[in-house]
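Let's take a walk through this structure together.

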Amino acid sequence: MKLPEQGMPENAVFAALENFRKNDIRWKEGRVFGYVFDPGEQVQKVAKRAYTEFLSENGLDFTVFQSLERLERELAAFGAGHLRGGDMAVGNFTSGGTESIILAVKAARDCYREKKPDITAPEIILPATAHAAFYKAAHYLGLNVVQVSVDPVSFKVHPETVRGAVTSNTIMIVGSAPTYSQGVIDPIEDLGKLALEYDLWLHTDACMGGFLLPYFKRLGEPVPDFDFSVPGVSSISMDLHKYAYCPKGASLVLYKDKSLRKYQIFACAEWIGYTIVNNAVQSSRSGGPMAAAWAVLNHIGDRGYLDIARKKLEAVKVIAAGIERIPGLRLLAQPQMTLIAFTSDTVNVFHIIDEMNSRGWYIQPALSYDNSPAHIHLSVSASNVGWEDKFLEDLEECVKAAASLPESSLLASLGPMIKDLDLSAASDEEINGLLAMAGLAGQGLPERMAEINGLLNEMPASARKAVLVSFVNDLFVQ
Ligand SMILES: *Cc1c(COP(=O)(O)O)cnc(C)c1O
């Protein structure tokens, strides 16, 4: 892009921006099961107003912008109370689940550097269902990941499996409430006991469930304890930009007490310039997301959220039961919240997804990994309520349509070689050749994804990574 010599008029700017959106998924219709958590027009209006009113305020320096310090303290206090942290729990506002997780992992790492200085190669034990953000955090922060499989039927981690993976280098263990992948809640109480027994940092990843599960519990659902009421839990991540319906850029990272949070904070005094002390990864940061989060939480209010939770709970029950009735489909687990994972043993799930997407739905593919088969993921949100029957009707038809689609000839011709494809020594050109064969080279993004998903699904994880990096590295060029 080159800048226009003369600035564009306002109308032209917005026309161009709108045009960029023409191929985006149309989330406003309520047929998208992921990515956008739409609270409806009235709440959007409030969110946008608060967001734009605080757009230019800078969270870099809360002595100058005391409004933001106040907002952050109130949001964290809300989170601490919501997750039963008592008087001692503290927390901070972050840009999302990933940032919350990076900060909690950093706090754990630095805490154990001090507490157990003999550990020079710290390890974090991750169930295979722990979110990718922990791998990112470990990668950025120099921790070794020790991955453990989850139960192949319940998809929850067994505490005894975690125990078996503890070594003298372990500093941190993780459980999810619920897991993104199968929507089930790990046994946090048992993990808490392990954490106390071995003196480990336990993080509950409640990015998805932290906000919503307490409402489900109030509605009578059997929600196991996962929060600060569980002895042994040191930190929790809870996104506000998911089921609290705040605009994106809103999450909380919370700690049992200040003595643990201390390790999250970064200060720099060794440079020539202004004083730096940051709660979060970002330094300069807009006040928009924080103000909008405060506005949305207070505008919807407790009763409002309880109502939304009730509707979602009913919708999930209808959708899950409907999926079980469709010939060829099966749930991977009974959803414990609003995340539904299902698969087919007879029909290619990636074809089902393409068929659904071509009818204006968005449902998400998940590749097979460890003991989880390739499957379809739904995050059911407020805007999906009311679409249950139409969704199930279309899904049933799409399963039939997918069943009659031919299997990929490319996959058949590449055959078994792809199963142990080793790209560790492959050049970018060789990887590009592979992408070109899959119809994925140079010309942007394909409409139907079944072929590429099918290929990725057959590859070992190391080859998947090489292909993804190469693809994205080539996509974002001039
Ligand atoms: C969404 C999610 C994350 C990561 O959050 P982002 O906001 O996308 O960075 C982490 N853990 C779980 C369980 C999630 O659902």
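## The ligand and its shell

An oxygen atom of the ligand sits 3.0 Å from an N or O atom in the side chain of lysine 242. The protein covers 85% of the 380 Å² of accessible area that the ligand has on its own. Please keep in mind that this is a predicted model.

Two further polar contacts are worth a look. An oxygen atom of the ligand lies 2.9 Å from a polar backbone atom of glycine 97, and an oxygen atom of the ligand is 3.3 Å from an N or O atom in the side chain of aspartate 239. Around the ligand you will find Gly96, Gly97, Thr98, Ile101, His131, Tyr180, Asp205, Cys207, Met208, Asp239, His241 and Lys242. Helix H4 (residues 97–115) gives the largest share of this shell, with 3 residues.

## Histidine 203

Next, turn to strand S5 (residues 201–205), where histidine 203 lies. Is histidine 203 buried or exposed? Its relative accessible area is 0%, so histidine 203 is buried.

Leaving aside residues up to four places away in sequence, histidine 203 touches Ile101, Ala104, Phe134, Met172, Ile173, Val174, Gly175, Ser235, Ile236 and Ser237. One of these, Ile101, is also among the residues that surround the ligand.

## Valine 162

Valine 162 is part of helix H6 (residues 159–165). With a relative accessibility of 3%, valine 162 counts as buried. Its contacts, again without residues up to four places away in sequence, are Ile125, Val148, Val157, Ile173, Leu191 and Leu194.

For a sense of distance, compare valine 162 with glutamate 396: they are 234 residues apart in sequence, and their C-alpha atoms are 39 Å apart in space.

## Helix H12

Helix H12 (residues 388–403) has 16 residues, and at 1.5 Å a residue it should span 22 Å.

Which residues of H12 are buried? They are Glu388, Phe391, Leu392, Asp394, Leu395, Cys398, Val399 and Ala402. Because they cover an arc of only 165 degrees around the axis, they fall on the same side of H12. On the other side of H12, Asp389 and Lys400 are exposed.

The cover over the buried residues of H12 includes helices H10 (288–325) and H11 (349–358), together with strands S10 (329–331), S11 (339–344) and S13 (375–379).

Technical notes. Residues numbered from 1 in each chain as written. Predicted model: local features only at pLDDT ≥ 70, side-chain atom pairs only at ≥ 80, totals over all residues. Heavy atoms only, no water. Helix = DSSP H or I, 4+ residues; strand = E, 2+ residues; numbered from the N terminus. Expected span 1.5 Å × (residues − 1). Buried < 20%, exposed > 50% of the residue type's maximum accessible area, 1.4 Å probe, protein only. Arc of directions from axis to C-beta. Contact = heavy atoms within 4.5 Å. Near = heavy atom within 4 Å. Polar contact = N/O pair within 3.5 Å; in protein donor to acceptor, adjacent residues only side chain to side chain. Areas by Shrake-Rupley, 256 points an atom, 1.4 Å probe, with all protein chains shown as cover.
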